[in-house]
Amino acid sequence: MGRGVAGAAALAACLLVGAAWAAGATLNVLGVAVALAVPLVVLTVLAVLVLLQPRRNAALTAAVDRLHAAALGDLESPLPIALAQGAPRLAESMDELFLKLRGNLESVHRLAMFDTVTGLANRPHFRRSAERMLEDAHAEARAVLFFIDLDRFKAVNDTLGHAVGDVLLGMVANRLRAVGDQCAAFNHGETPLIGRLAGDEFTLFFADLPDPQARERVGAKVLDALSEPFDLAGQQVCIGASVGLALYPDHGVTLHELMGAADAAMYQAKTQGRGRVETFSDGLAAQMIARARLETELRAAIEHDEFALVFQPQVSASSGAIVGAEALLRWQHPDGTKLPGSFLQRAEETGLIVEIGDWVVATVANTIARWARLGIEQRLAVNVSQRQIDHASFFRHLRAAMLAAQAPARLLELEISETLAMHCSEDVLRAIATLRSAGATIAVDDFGTGYSNLARLRRLPIDRVKLDRSLIEHVATNPEARAVAQAVIGLVHGIGCEAVAEGIESEAQAAVLRVIGCDVLQGYAIGAPMGEADFLAWAQDMAPRRATA
């Protein structure tokens, strides 16, 4: 009898392992096992009770056989007749258990293979399915991958919240399904495989779409569907999309290669103005190679400490006294010094900007501390990128670097772009306000290049506004440009900030800016970006000279 009890318990454990096996190695087996523990214990007790009644040996044998089959993954076959006749309660319990098992496994299957927000294939399921379709395709097949990125989805998330953003993603998925149904006629009557990769990135994959005109029609239908307004929270919201297209085997023979090509084509569509379809090309292939090479070189630059800072002076428009400097990044590349415009965008795309930014922050903190010990009390300004300021640890790293260097916060100025100032989150604004309360100053950079909400600008924790060079370029020669610059300076003063003009190229520009009320001047006409030694010498004798740094 003891051996029978042990056998029943072993069978229950076997069923647990079998259920996990049926769920597949990639699923959350532990969660399934825990969910099934209670019914399995009940089943074990019932099996033990059956063992205590020898007249039901036939029913027990049938139960053992059926449990063994379940342990091997068979949850569909009907229960043996002998079990139902000899032990109806046990049969009823097993039948109910298998029903729950099938339901649980189906739920786990959906979670593992489909995106919970849209119901579309998730990234792993899309990749496996598309790879299988490529393997099964005939030799002359012309598979096509469309890579879709929503154009203004982040603005919806930021203004209406993530819950509304999820609703929007679901609506986008429904429109893509409708497009897939409409385009089935182009694909031998088969609808395309549609997936959501992550965030606001979607994919359509056709196993065979050889007609170039059909591919154009698919792209046009996607753009048309996603350009129509969405009704969200009682508002009409327009987002649009940019689409990249890659062909098999022209642009890749593996899904990984096609994904990279379609992604590059989508990025090209973004840079060309959005709301368009771009097909991968040899030119884009060259750009991909160049971007990959630049990323490799940037990683090596971080590792080999190839970055340096130069300093451009800022002077008071009224007195000419130096009031600060802007720290500018330079890359001491083996082929020559590179300016930020040649590499910062790629650093942003790859996330390397965070590491570079950490280096800049630490170097600026050490420089401020060193200058403070020399009695130099001018503030040092540093630019902050979107990726840096969105990174949760940025302000923590900044405070830690300033404390470690024993650098006075009053000598630090953060410069954030006008666009970033208009769209950064409330959490970021609170962090900026905290830094400002510790003594640092905040400047809005490139003012005049983006869209400014004046009410928001007035509420921002800022001290200075830097006029973009486009606003002051023609002030010495064009009365209209001079009037615009003067009006902007008046606006800046009206919100209680200082006006800083950057990009000054001539003394004539500087003279006009002094007359119309600008507070601080910066540019090559004042002083070029210099290495630290040259800057300190320049600050000492106030004799501007162009540096070779």
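Mentor: Before we start, one term: a salt bridge is a side-chain nitrogen of Lys or Arg within 4 Å of a carboxyl oxygen of Asp or Glu. Keep in mind that this is a predicted model.

Trainee: Okay, which residues are linked in a network of salt bridges?

Mentor: Side chains of opposite charge can pair when their charged atoms come close. Here such pairs join up into a network, and its members are Glu295, Arg299, Arg346 and Glu349.

Trainee: And what does the count of salt bridges come to?

Mentor: We apply the 4 Å rule to the side chains. By that rule the count comes to 19 salt bridges.

Trainee: How far apart along helix 5 are glutamate 96 and lysine 100 in terms of helical turns?

Mentor: These two form a salt bridge, with their closest N and O atoms 3.4 Å apart. Glutamate 96 is partly exposed at 42% relative accessibility, and lysine 100 is partly exposed too, at 44%. They sit four residues apart in helix 5, so their separation is about one helical turn.

Trainee: How many residues apart are glutamate 502 and lysine 466 in sequence?

Mentor: They form a salt bridge, 3.3 Å between the closest N and O atoms. Glutamate 502 is in the loop between strand 15 and helix 21 (507-515), while lysine 466 is in strand 14, so the pair ties together parts of the chain separated in sequence by 36 residues.

Trainee: Are those two buried or exposed?

Mentor: Look at the relative accessible area of each one. Glutamate 502 comes out at 8% and lysine 466 at 1%. With the cut-off at under 20%, glutamate 502 counts as buried, and lysine 466 is likewise buried.

Trainee: What is the nearest side chain of opposite charge to glutamate 306?

Mentor: Glutamate 306 is in the loop between helix 11 (282-303) and strand 8 (307-316). Its contacts, leaving aside neighbours within four places in sequence, are Ala301, Arg330, Trp331, Gln332 and Pro334. Glutamate 306 is buried yet has no salt bridge: at 9.8 Å, the nearest side chain of opposite charge is lysine 338.

Trainee: Moving to helix 20, how wide an arc do its buried residues cover?

Mentor: The buried ones are Ala481, Ala485, Val488, Ile489 and Val492. They sit on the same side of helix 20 because the arc they cover around the axis is only 100°.

Trainee: Which exposed residues does the face turned away from that buried side carry?

Mentor: First picture what covers the buried residues: strand 13 (441-447), strand 14 (464-467), helix 19 (469-472) and strand 15 (498-501) are included. The face of helix 20 turned away from the buried side carries the exposed residues Glu480, Ala487 and Gly494.

Trainee: Which residue caps the N-terminal end of helix 20?

Mentor: Find the backbone nitrogen of glutamate 480, then look for a side-chain oxygen 2.8 Å from that nitrogen. The oxygen belongs to the capping residue, asparagine 478.

Trainee: Last one: within what arc do the buried residues of helix 7 fall?

Mentor: In helix 7 (residues 153-160), the buried residues are Phe153, Val156 and Asn157. They line one face of the helix, because seen down the axis they fall within an arc of 95°.

Methods: Residues are numbered from 1 along each chain as its sequence is written. This is a predicted model: local features need pLDDT of at least 70, side-chain atom pairs count only at pLDDT 80 or more; totals for chains, interfaces and linings use all residues. Side-chain values use heavy atoms; hydrogens and water are left out. Helices (H or I, at least four residues) and strands (E, at least two) are DSSP runs, numbered from the N terminus. Buried means under 20% relative accessible area, exposed over 50%, partly exposed in between (1.4 Å probe, protein chains only). Lys and Arg count as positive and Asp and Glu as negative; His and the chain ends are not counted. Contact means heavy atoms within 4.5 Å. The arc is that of the directions from the helix axis to the C-beta atoms. A polar contact is a pair of N or O atoms within 3.5 Å; within protein, one must be able to donate a hydrogen and the other to accept it, and residues adjacent in sequence count only if both atoms are side-chain atoms.
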